[in-house]
Amino acid sequence: MEVTMTTEEYKSRTARSYKLILLFAMVSMTMMFAGLTSAFVVSKSRVDWLKDFELPTAFYFSTIVIIGCSVTFHLAKKSIQKDNKSATTTFLFATLALGILFIILQFVGFDQIVQQGYYFTGSESSITTTFLYVVTVVHLIHLAGGLISLLIIIYNHFKQKYNSSQTLGIELGAMYWHFLDFLWIYLFVFLYFFK
């Protein structure tokens, strides 16, 4: 007995498979950041840990910006589901611009830390700022992956690959971007309260 799938069943299975793969990747990344934050907590008991260290103001602004990224990506997904390609384009480019602004603000934050006299490496560095640097740079690397996938989504959008019945690429991008958003908020709150 031969079982045949309709096109809709095939699309549904494919979408579930891709979403499951992305979910496994996000769980893996979560475990990595859990390990880094656990090491941060353990290292906090060191005598050379900075007790009076304050997060740079740029990190506060970058938190607002990355939340904006999630909002615009969500609006892009909703727009393509309504076949509103113009609004989808606007929201995808807004997400890209906000993502780039987030990265710029992270580097401004690094500069603010150095301006306070705290260095990330070398003889004048501290374990506190080195941990902060490692955690935020690893997040930035994951964000770079998100920006690359966003550029691919924008390219595919201009190639007319998305419409109300074909939204998988935008859905996967939005899932990953929301994950990056959640991850940064977790890291920011963690760094704010466990400094």
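Which residues does the UniProt annotation "transmembrane region" cover?

1. According to the UniProt record, an unreviewed entry, the "transmembrane region" label covers residues 20-42, 57-76, 88-110, 130-155 and 176-194. Keep in mind as you look that this is a predicted model.

2. Let's check two of those stretches against the model. Residues 57-76 are 100% helix and 0% strand, with end C-alpha atoms 29 Å apart. Residues 88-110 are also 100% helix and 0% strand, and here the end C-alpha atoms are 33 Å apart.

3. Now have a look at the largest pocket, which has a volume of about 220 Å³. Its lining is made up of 15 residues, and K11, S12, A15, Q166 and L168 are the ones nearest its centre. Two helices, α1 (7-43) and α5 (168-193), each supply at least two lining residues, and α1 gives the most, with 9. By type, the lining splits into 4 nonpolar, 6 polar and 5 charged residues.

4. Most residues other than glycine have a negative phi. D83 isn't a glycine, yet it has a positive phi of about 60°. You'll find D83 in the loop between α2 (57-81) and α3 (85-115). Is D83 buried, exposed or partly exposed? It counts as partly exposed, because its relative accessibility is 39%, which falls between the 20% and 50% cut-offs.

5. Q160 is another non-glycine residue with a positive phi, this time about 65°. Q160 sits in the loop between α4 (127-158) and α5. With a relative accessibility of 49%, Q160 counts as partly exposed too.

Technical notes:
Residues are numbered from 1 along each chain as its sequence is written. This is a predicted model: local features need pLDDT of at least 70, side-chain atom pairs count only at pLDDT 80 or more; totals for chains, interfaces and linings use all residues. Side-chain values use heavy atoms; hydrogens and water are left out. UniProt positions are given in the numbering used here, feature names are shortened, and annotations may be inferred rather than shown by experiment. Helices (H or I, at least four residues) and strands (E, at least two) are DSSP runs, numbered from the N terminus. On a 1 Å grid over the protein atoms alone, a cavity is a set of points where a 1.4 Å probe fits but cannot get out, and a pocket is an open set with protein on both sides within 12 Å along at least five of seven lines; lining residues have an atom within 4 Å of a point. Grid points are joined across faces, edges and corners, and a volume is the space filled by probe spheres set on the points. Ala, Val, Leu, Ile, Met, Phe, Trp, Tyr, Cys and Pro count as nonpolar, Asp, Glu, Lys and Arg as charged, and the others, Gly among them, as polar. Buried means under 20% relative accessible area, exposed over 50%, partly exposed in between (1.4 Å probe, protein chains only).
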